[in-house]
Amino acid sequence: MEHFNAASAEDLERTLLACLRSPRWARRVAEHRPYPDLDSLLAAADEAAYDLTWSDLTEALAAEPLPTLPPDTYSAAHTALDAAHAAYEARFGHVFVICLDGLSPSQVLDRILEAIRSRLTNDPEEERVVAAEELRRLARGRLLEALRGAGNCALSR
């Protein structure tokens, strides 16, 4: 927490935007520094995510990469996943997002395909709520990684 609270505005913005590509979310989280502890930071990050408008979420969704499969996944699985992603994007107009924290590599493909199939049955408003929740979970996980100094959103020291 000490590094997070003491980070320069530039480093903190870069870190937060790597966790969730929403300038509004990053500003809200940064503005409430200093945080006394990790739970306070995570609560503020969650609250900022819950307060995002659909426009903010659309901006964040546009910057999200597609979930990736383990390297040893067979080519037919890639084809099935590409088709599922295309169907999802055609229906909802944005990339499919899912938080896969806690899954083993062998569970990833099944979980992604199961979630896309299930979520394709949602109406657009219902899917907005689900996608927003998945983005919040992704941001939370990435923020935890940043605080540990791992992954793509590590704070400069």
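Start by selecting Glu114, which is partly exposed with a relative accessible area of 48%. You are looking at a predicted model.

Next, go to helix α8 and pick Glu125 and Arg128. They lie 3 residues apart, about one turn of the helix. Their side chains form a salt bridge at 3.6 Å, N to O. Glu125 is partly exposed at 48%, and Arg128 is partly exposed at 32%. Then select Asp46, Glu133, Arg136 and Arg140: salt bridges with shared partners join them into one network.

Show α4 (residues 38-50) beside α8 (residues 124-148). Their axes come within 10 Å and cross at roughly 150°. Angles over 145 degrees count as roughly antiparallel, and therefore α4 and α8 are roughly antiparallel to each other. The crossing is right-handed. Where do they meet? Residues in α4 including Leu38, Leu41 and Tyr50 meet residues in α8, among them Leu143, Leu144 and Leu147. By class, this contact has 9 nonpolar, no polar and 4 charged residues.

Last stop: Arg24 and Asp56. Their salt bridge has its closest N and O atoms 2.9 Å apart. This pair links distant parts of the chain, 32 residues apart. Arg24 is in helix α3 (residues 23-31), and Asp56 is in helix α5 (residues 54-62). Which is buried? Asp56 is, at 12% relative accessibility, whereas Arg24 is partly exposed at 29%.

Definitions and conventions
Residues are numbered from 1 along each chain as its sequence is written. This is a predicted model: local features need pLDDT of at least 70, side-chain atom pairs count only at pLDDT 80 or more; totals for chains, interfaces and linings use all residues. Side-chain values use heavy atoms; hydrogens and water are left out. Axes are lines fitted to C-alpha atoms, for helices over the stretch in contact, and angles run from 0 to 180 degrees between N-to-C directions. Helices (H or I, at least four residues) and strands (E, at least two) are DSSP runs, numbered from the N terminus. Angles under 35 degrees count as roughly parallel, over 145 as roughly antiparallel, 65 to 115 as roughly perpendicular and the rest as oblique. A crossing is left-handed if the near helix is turned anticlockwise from the far one by less than a right angle, and right-handed if clockwise. Contact means heavy atoms within 4.5 Å. Ala, Val, Leu, Ile, Met, Phe, Trp, Tyr, Cys and Pro count as nonpolar, Asp, Glu, Lys and Arg as charged, and the others, Gly among them, as polar. A salt bridge is a side-chain nitrogen of Lys or Arg within 4 Å of a carboxyl oxygen of Asp or Glu. Buried means under 20% relative accessible area, exposed over 50%, partly exposed in between (1.4 Å probe, protein chains only).
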